[in-house]
Amino acid sequence: MLAPEIAERFRTSLFAGHYNLLLGSGASLDSTDAMRVPLKSASELTKELCTLKGVSTAAPLSRVALLLTPDEIEKYLTAPYSGCRPGETAKRLTGFVWRSIYTFNIDDVLEAAYETTTRRRQRAEPINYDAGYRTPPNRSKVSIVHLHGFARQAESGYVFSASEYARVTKGLNPWMHVLSELLATEPFIVSGTSLNEPDLEYYLSARSNTSVRTNRGPSILVEPYPDAITESLCHRHGLVLVKAKLAEFLHWTTETLGHAPLVSQLAVPSMEGLFSREFGADAQVEFFSSFELVKPSAPNAAAEPSPFFYGKAPRWSDLESSLDLPTDDERRLSAKIRNFLEGRDGSVKLFLVLADAGTGKTTVLRRSAYDFAKEGRVVMNLTGKLAIDTENTRKAITALSRPAVLVIDNLADQASSVLTALQGLNVSKPLALLCADRDYRRDHIVRVLGNFSTEEFQLSPWSMEQFEVFIERFRKAGLVGSGEAIRMPKKFSGLLLGDPVAIAGCRVLNNFKPLDEIVHSLWKDSSAEAQSSYALATLSEFCYSGGIAYPILERAQHNEGLRDQLSLAVPLPLAYTEDGDFVLPLHPAVGERLLRFLSRERRDLLADLFERLALALAPYVNRQTIIDRTPEARLAGRLFNAERVVRQLLGDKASHFYHVVREAWQWNSRYWEQRAILTQDINIDDAIQFARHAVAIEQHPYPRTTLASLLVRKLEAEGAANDALFTEIYDLLDAALRDEATRGWRPTPHPYSVLFHAVSSFIKVGGSLAAKRTGQIRDRVTYCQRYFPRDTGLLDAGARILRRIEGR
């Protein structure tokens, strides 16, 4: 049914769980209702309803369905499509691992199939069209999104066209956005629906031969009776046409390509005796949705140079091929960890590499990890984009039967979750956390770590001798951009002294020119679409180390040359992350310097890119995804950060950014909280009102603390004791701290810092504290001394408060 060259690509992606499904009524025709009567197709249902209401049979289902009374909806829609008995097609679908399933059908055939089939690969998670966007926590579950309504949730009503969503949901439905973006880029199997149906035509409108990603299998339309229009539309949208029924195609797939693997076979590595028996298969699937087991790799093929030379983090195969340079830093770090792992006591210790961007910390981290794996040690690398399941992670670590190393790059992104999982944990074997992050994040990490056992490592600058060997590695790969450098490597290694290794590599590739000159040249040599795609990916990585999902990048900037940028042969190349789902600038050092260039010289363009990214992210972010800490929610949260991102990059355009995205984001408390922070230096009263609005939206510790800090500024500006204002400040912070404890969070220092500042300011302007409140503040200071022993600034502030309230 598929040509051999297509079949192999299809099999690779299908068996890796990359495919999505989009199904119409044709996929349910071999299923029956509760009375064993075959289900009607969409066209048969339309004719029945048209006859019932006395209208032309040419009327579309979306129009005639609006004429039904509640009793008729129950009789003709809800009852016939509830309690269904799955046919062969639905049963066969459960034998594969799907990324997601979208259906135009209101029946519960798929749910019934997953509930009754014993050899299912996943568990079904039904989602109705009116639910907020969400994704399953791991691949053991698959979402079944009912785009037109669901008989098991009939109270939400049914919608039968894209145009009806606005009427029913009072706004643009997130699932419409998500499906149209996924169909434009991701691999799908479409079946049971005609391509010339208005619904599908809407969803396919953004898909073309140039919009689809290059690292996945082809999208397929399974249609038994195609006509010339179908064939033409397949060609236009880059779909492979299979002339068969879906059950026949699935049968052919199994017979020809083999049985699809189980989720556990995809996710859980085969390593006998890694965990105790109490840590079962489902728990292991959850754990290895976030962590990979590091194993010795085959070396790189000799045909093409590795992306590592172009600035990408090293793959395990790059390390096996010894593309990196040994350093004393790596040897010193490995020796410390090795000594710890060979100790007899069960304990947990964090080894933290801190360095500036581009200095090679990720390479040092991964080299140490890889060498430990080659020694036969247990090494697990954090790869998951979703927040880790802290309770399951605790169980996994407790169940480890051998000493182990957990590798966590960009620790600040995960610090709170990781420390929650490890705090107070009793382990029987040594557990080393091998972590890295940028220097400027140290204060945040230290605050979160508290008194956790930690040893820090700094990286040494490279010597001329190291850079000479570095140039030689590029020469062997045929990548040195200067003939003179090949003849006189010692001279040119001197030109690189003082450069971070990532910038040095970029200069070797570009005739040793200064980085700013390289960046300007690469920018000038790229098309406007390539410039925007690269800048969007760079901005995303600046905000969130995991990068940007391919469909969202395509949505924010349609770029027919995007697949070219995901190769190495363009001025501004992009790269897939290791999981293949997200996109990053291939050379982070170039990307970071480019952001500074845009901030200085092309701020209007950068402001436009901020807006486009915020709007492209909007359908993917809601309160639940924020709680789940999905990549999109974390990227958006950082994108709105007033101090570290928006003001830093947009300057005088910062306020405009918040204004133009207000309609899409005004539901979000963080939007108003960060807008308040931005506004405080311009108009403190407006800022306070924005912060009050954030608290009104969500009674959460963060907006409460922000509002309290702004009220402290108001108190200081008034210059006189204001008991009512101080009481409000104190009550906000007390509520924030109690809320943190109620949620089971690790304590955070910021509310305490604001509290101590507020007390100091209140006393300074002549205020006096009641005895009860004085005792409460004294307790807070003592608490900080116990939980934040490394935060010297906070401890000093607490000590000053104690001296003030005790009159010393």
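This is a predicted model: local features need pLDDT of at least 70, side-chain atom pairs count only at pLDDT 80 or more; totals for chains, interfaces and linings use all residues.

**Entry 1: a glutamine in a loop.** I began with glutamine 680, which I found in the loop between α35 (669-679) and α36 (684-697). Is glutamine 680 buried or exposed? Its relative accessible area is 15%, and since the cut-off for buried is under 20%, I noted glutamine 680 as buried. I then followed its side chain, which reaches the backbone oxygen of isoleucine 677 at 3.0 Å. Leaving out residues up to four places away in sequence, I listed Glu643, Ala687, Leu710 and Arg713 as the residues that glutamine 680 touches.

**Entry 2: the whole chain.** Next I stepped back for an overview. The protein chain has 41 helices and 16 strands. I looked up its extent too: the C-alpha trace spans about 90 × 75 × 60 Å along the principal axes. How does the radius of gyration of the protein chain agree with that of a compact globule? For 808 residues such a globule would come near 28 Å, and the chain has 29 Å, so the two agree. I also wrote down that 54% of the 808 residues are buried. Of the contacts between residues at least 6 apart in sequence, 73% join residues at least 24 apart.

**Entry 3: a three-stranded sheet.** Here I traced an open sheet with the strand order β14-β16-β15 and antiparallel pairing. Why is one side of β14 and of β15 left without a neighbour in the sheet? β14 (548-549) and β15 (574-576) stand at the edges and each has a single partner strand, so one side of each has no neighbour there. As a reminder to myself, strands of a sheet pair through backbone hydrogen bonds, either parallel or antiparallel.

I then checked the pairings one by one. Two bridges join β14 to β16, and these strands run antiparallel. Isoleucine 548 has valine 583 in β16 as its bridge partner. Between β15 and β16 (residues 582-585) I found three bridges, again antiparallel. On that side, tyrosine 576 stands opposite valine 583.

The side chains of β16 came next. In a regular strand, side chains alternate between the two faces of the sheet. In β16, Phe582 and Leu584 point one way while Val583 and Pro585 point the other, and all are buried. I also looked at the hairpin of β15 and β16, which has five residues between the strands; there glycine 580 takes a positive phi near 80°.

Entry 4: Most residues other than glycine have a negative phi. Serine 322, not a glycine, has a positive phi of about 55°. I placed serine 322 in the loop between α14 (316-320) and α15 (328-341), and its 41% relative accessibility makes it partly exposed. Asparagine 410 is another residue other than glycine with a positive value, its phi being near 50°. Its place is the loop between β11 (404-409) and α18 (415-422).

**Entry 5: aromatic rings.** How many aromatic pairs does the structure hold? I noted 42. One that I opened up is phenylalanine 249 with tryptophan 252: the ring centres are 6.0 Å apart and the planes at 15°, so the pair is stacked. These two residues are three apart in helix α11 (residues 246-257), and so they are separated by about one helical turn. Phenylalanine 249 is buried at 0% relative accessibility, and tryptophan 252 is buried too, at 15%.

I also marked an aromatic cluster formed by Phe610, Phe640, Phe657, Tyr658, Trp665, Trp667, Tyr671, Trp672 and Phe690.

**Entry 6: charges over rings.** Last, I looked up arginines lying over ring faces. Arginine 366 lies over the face of tryptophan 316, at 4.0 Å from the ring centre. Arginine 773 lies over the face of tyrosine 730, here at 4.3 Å from the ring centre.

Conventions
Residues are numbered from 1 along each chain as its sequence is written. Side-chain values use heavy atoms; hydrogens and water are left out. Helices (H or I, at least four residues) and strands (E, at least two) are DSSP runs, numbered from the N terminus. Buried means under 20% relative accessible area, exposed over 50%, partly exposed in between (1.4 Å probe, protein chains only). A polar contact is a pair of N or O atoms within 3.5 Å; within protein, one must be able to donate a hydrogen and the other to accept it, and residues adjacent in sequence count only if both atoms are side-chain atoms. Contact means heavy atoms within 4.5 Å. Two strands pair if DSSP finds at least two bridges between them. Rings of Phe, Tyr and Trp (its six-membered ring) pair if their centres lie within 6.5 Å; planes under 30 degrees apart count as stacked, over 60 as edge-to-face and the rest as tilted. A charge sits over a ring if NZ of Lys or CZ of Arg is within 6 Å of the ring centre and within 35 degrees of the ring normal. The radius of gyration is taken over C-alpha atoms; the globule rule is 2.2 Å times the number of residues to the power 0.38.
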